[in-house]
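Open the model in your viewer and keep the sequence panel beside it. The stops below are given in the order in which to select them.

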Amino acid sequence: MKKLLIKDAFLIATMDDNKTKYANGCVLIEDNVISYVGSTLPKNININDCEIISAKNCVVLPGFINTHHHFYQTLTRVLKNTQDKKLFDWLLYLYNIWAKILNPDTVVFSTKIACLELLLTGCTSSVDMFYVFPKNQPANLLDYEIETAKEVGLRFFPCRGAMSRGRSKGGLPPDEVVQTEDEILKDYERVVKKYHDNSKFSMTQIILAPCSPFSVTEELLKQTVDYAKKNKLLCHTHLAETKDEEIFCIDKHCMRPLEYLESCGWLEQFCFFAHSIYLTDEEIKKLALAKSGVSHCPTSNLRLGSGIMKLRTMLDNNVNVSLAVDGSASNDSSNMLLELRQCLLVHKYFTGPDSISAEDVFWIATRGGAKVLNRDDIGCIKPGNAADIVMFRIDKIGYTGAMDDPLAALLYCGDTQIADTVIVNGKVLVHEGHFVNFDEQKIFNEYLEKYKNIIY
Ligand SMILES: [Zn+2]
């Protein structure tokens, strides 16, 4: 058995039920599982049997859980023509570009970049929704993404995304990127069979994800929850992201977005929704009652001018809220620690400085994510949980003067969000701020050589 001992931590924030913290703490990992956490060394341990990681001057946390992303957008970050557009115009411009550039090579490369950026900024588990399947490409593009995430080592929740309502059926996307319900259902079955692992400490769990009310048919929404229910899978979609979507739903279905999804059978514990900005207080209560989850994406919502989710109201009503960076064409970064900071600051403005604390945000980004993904083995440093752990150095200029609250300092201060060490499922993937298995410069050079001018 491989033993890894993290010792001398400046602070360990376990995010357990009591939010226990240890000064000068240590964590013992045996293979892929945490077997001990405390402020003294575990008893009966022979240090010579362990690989030691010094956490001196580090804050140690459970790895963050990102519950909404579109990795494939990484090669279309900050396009000049998208910087000043709102969601529907942004999408109308990008659908055609994505249809043109997506192929096995670009899916592999963009997935690699997104996963590595997530890792480097403290994220150890991520959802990704892949939903653009161009007709002239192999139908199994999602497989390339899953294999790449596996190679990087991230704990992965790939969504078999889907669009079935093209322009000819009154939807927003062009017909060339939508599929039939039949094709989609068959592929749900294929990827679930090939990749879905329901066991404890699972590294790959498939989620079913018809993209949004304005890009899928009512039929597909209903068929998806039916299939998920039978096969014990999670469902995910975009919901109430913009006023335009609300107008679309009222216009086409005479219902508000949440009402529409409810009519399709989606108000369930196994369903979770990205954004969820345009919800009334009554609708928030409905989400809470159904125990459905939410992926909050503050940066993307600000970037597209979409709005601000009512986080405080959701927390007061015990809605299961998690945090997410969203796709890289609307963030335009996969920086998870920065997303926590964004969340903290925007809600201090939105509902008042006493309405949200740094610890609330850490909770949402760890335990909140685990709850939404129906996992009780991640999001918390405690014996028996998967060894997904991140360490941030605080002995830097950016944190100097902030030791009254070193945990909060990670969000309030700092000049970088780069983790010192990142461990996923017991494997050290980032060490001293660098990837153990990947060369950052080489990857950037590959981008310059092959993909820099890809949209032209
Ligand atoms: Zn999204």
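The model is a predicted one.

**Stop 1: Met255.** Select Met255, which sits in the loop between α6 (243-253) and α7 (257-263). Beyond residues up to four places away in sequence, show Cys249, Ile250, Tyr260 and Ser263, which Met255 touches. Then draw a distance from Met255 to Pro104: the two are 151 residues apart in sequence, and their C-alpha atoms are 39 Å apart in space.

**Stop 2: the two domains.** Colour domain 1 (3-63 + 379-440) and domain 2 (64-372) separately. Their C-alpha centres are 29 Å apart. The contact involves 28 residues of domain 1 and 30 residues of domain 2. On the domain 1 side, β14 (389-393), α13 (406-412), β15 (421-424) and β16 (427-431) supply at least two residues each. Which of these elements gives the most? It is α13, with five residues. By class, this side of domain 1 has 20 nonpolar, five polar and three charged residues.

**Stop 3: the core.** Next, select Ile6, Val27, Val59, Val60, Leu119, Ile207 and Cys235, the residues that touch the most other members of the largest nonpolar core, which has 142 residues. Helix α2 (residues 104-120) provides the largest share of this core, nine residues. The core lies between domain 1 and domain 2, because both give residues to it. In soluble globular proteins, nonpolar side chains tend to be buried together.

**Stop 4: a strand pair.** Select β12 (residues 293-296) and β13, two parallel strands joined by four bridges. Gly293 has Asn320 of β13 as its bridge partner. Now show the side chains of β13 (residues 320-323): Asn320 and Ser322 point one way, Val321 and Leu323 point the other way, and all are buried.

**Stop 5: α14.** Finish on helix α14 (residues 440-451), which has 12 residues. From first C-alpha to last it reaches 16 Å, close to the 16 Å expected at 1.5 Å a residue. How many of its residues are buried? The count is zero, and α14 is hardly covered.

Key: Residues numbered from 1 in each chain as written. Predicted model: local features only at pLDDT ≥ 70, side-chain atom pairs only at ≥ 80, totals over all residues. Expected span 1.5 Å × (residues − 1). Buried ≥ 20, exposed ≤ 12 C-beta atoms within 10 Å, placed from the backbone. Domains from an automatic or database assignment. Contact = placed C-beta atoms within 7 Å. Nonpolar A, V, L, I, M, F, W, Y, C, P; charged D, E, K, R; others polar. Core = buried A, V, L, I, M, F, W, Y, C linked by C-beta atoms within 7 Å. Pairing = 2+ DSSP bridges.
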